[in-house]
Amino acid sequence: MNVLETVAATAPDIRDGLPERRTYADEQNPSGDRQLAADEYADELLCERLLALDTVGSYASEEREAVVEDDGPYHVACDPLDGSSNLKSNNAMGTIVGVYDEPLPAPGTSLVTSAYVLFGPITTMVAAHEETVTEYLVQDGDRTVLTEDLTLPDDPTVYGFGGRVPDWPDDFAGYAETIEQELKLRYGGAMIGDVNQVLTYGGVFAYPGLESAPDGKLRLQFEGNPVAHIVETAGGASSDGTRSLLEVEPTELHQRVPVHVGNASLIDRLEAVLS
Ligand code: FDP
């Protein structure tokens with residue numbers, strides 16, 4: 001089994017374990033977010049199963065402080081349950097995986113494969129590998145191809161921006177005002193659900209730097225890089241405000257980064273406003 005097969009095989013176990021794990025655990029994750037029992041459960045399953053692969057030399061996740069070391073050429077960074085605060089309201093969530101060929105923390109340019117599982121009305125996986133993006137249906141732990149060579153539609157229609165509006169810096173707020181005139185709001189509070197809307201309909205997702213948190217909320221290794229890799233491979237663009245997320249130099253495992261991904265024309269306009 002490879003990493004993507006293992007993540008697909010684990011997806012039904014994660015999903016089946018959700019109903020009884022909607023309460024908070026005692027712990028916070030290393031970024032200071034409260035952990036649900038479901039976050040811990042998904043993390044433990046993925047850690048055990050991915051490290052069992054000969055090719056996986058280390059596992060890191062949003063839910064644990066340090067990298068778990070083993071032997072093997074690839075290094076896996078996971079957000080086991082992205083958008084897990086949506087579990088309470090029963091809305092979309094996901095699992096994000098980045099497979100790097102350098103020890104973590106690593107730059108996005110060393111990603112060889114990135115993928116996310118979307119737990120929506122159906123379970124799907126979207127994966128970037130060898131210059132192409134594929135969408136799969138995940139059923140009973142197996143994948144069947146739904147869309148080959150997935151690309152962003154040329155005509156964007158949706159946007160979703162995180163963070164409270166009064167906390168947006170003026171330049172980002174100005175950008176948002178122009179985008180609101182052109183596109184439809186689609187914000188569900190789980191990055192993976194919101195990014196999947198952008199991949200499906202074209203548009204832009206952002207969790208920008210905030211007045212109270214200039215690096216935003218999302219994490220470079222576990223969220224920013226894999227999503228940027230997928231969106232860029234699908235013909236779109238990503239930015240931290242000035243450069244592709246894949247070009248951001250990693251300084252620490254849990255570092256946060258402003259995330260903007262979507263159609264290249266919309267990201268170019270954003271960079272023109274922010275820089
Ligand atoms: P969550 O805290 O529920 O795990 O990863 C962080 C994340 O969700 C993203 O999935 C989502 O885009 C963002 O936080 C939502 O944050 P807000 O509640 O500030 O909108």
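Among contacts between residues at least 6 apart in sequence, what percentage join residues at least 24 apart? In this protein, that share is 59%. Keep in mind that this is a predicted model.

**Figure 1. The whole protein, for getting your bearings.** Seven helices and 15 strands make up the secondary structure. A compact globule of 275 residues would have a radius of gyration near 19 Å, and the 17 Å found here agrees with that. Of the 275 residues, 56% are buried.

Figure 2. Count up the charged side chains and you get 16 positive and 49 negative. The centres of these two sets sit 9 Å apart.

**Figure 3. The open sheet of eight strands.** Follow the strands across and the order reads β4-β3-β5-β6-β7-β8-β9-β10, with mixed pairing. The edges are taken by β4 (68-69) and β10 (142-147); each has a single partner strand, so one side of each is left without a neighbour in the sheet. As a reminder for this view, strands of a sheet pair through backbone hydrogen bonds, either parallel or antiparallel.

**Figure 4. Strand β5 and its two partners.** Here we zoom in on residues 74-82, the β5 strand, which is mostly covered: eight of its nine residues are buried. On one flank is β3 (residues 56-61), which runs parallel to β5 and is joined to it by five bridges. Look for alanine 60, whose bridge partner in β5 is alanine 77. Strand β6 (residues 93-100) is the other partner to find; it runs antiparallel to β5, with six bridges between them. In that pairing, aspartate 82 stands opposite glycine 94 of β6.

**Figure 5. Strand β13, covered on both faces.** All five residues of β13 (residues 203-207) are buried, so the strand is largely enclosed by the rest of the structure. Gly203, Phe205 and Tyr207 line up on one side, Val204 and Ala206 on the other, and every one of them is buried.

**Figure 6. The neighbours of β13.** Four bridges tie β13 to β11 (residues 158-161), and these two strands run parallel. Tyrosine 159 is a handy landmark: it stands opposite valine 204 in β13. Strand β15 (residues 259-262) also pairs with β13 through four bridges, but this time the strands run antiparallel. There, alanine 206 has histidine 260 of β15 as its bridge partner.

Figure 7. Helix α5 covers residues 191-201, and eight of its 11 residues are buried. The buried ones are Met191, Ile192, Gly193, Asp194, Val195, Asn196, Val198 and Leu199. When you trace the helix, remember that an α-helix has 3.6 residues a turn, so residues three or four places apart point the same way.

Notes
Residues are numbered from 1 along each chain as its sequence is written. This is a predicted model: local features need pLDDT of at least 70, side-chain atom pairs count only at pLDDT 80 or more; totals for chains, interfaces and linings use all residues. Side-chain values use heavy atoms; hydrogens and water are left out. The radius of gyration is taken over C-alpha atoms; the globule rule is 2.2 Å times the number of residues to the power 0.38. Buried means under 20% relative accessible area, exposed over 50%, partly exposed in between (1.4 Å probe, protein chains only). Contact means heavy atoms within 4.5 Å. Lys and Arg count as positive and Asp and Glu as negative; His and the chain ends are not counted. The place of a charge is taken as NZ of Lys, CZ of Arg, CG of Asp or CD of Glu. Two strands pair if DSSP finds at least two bridges between them.
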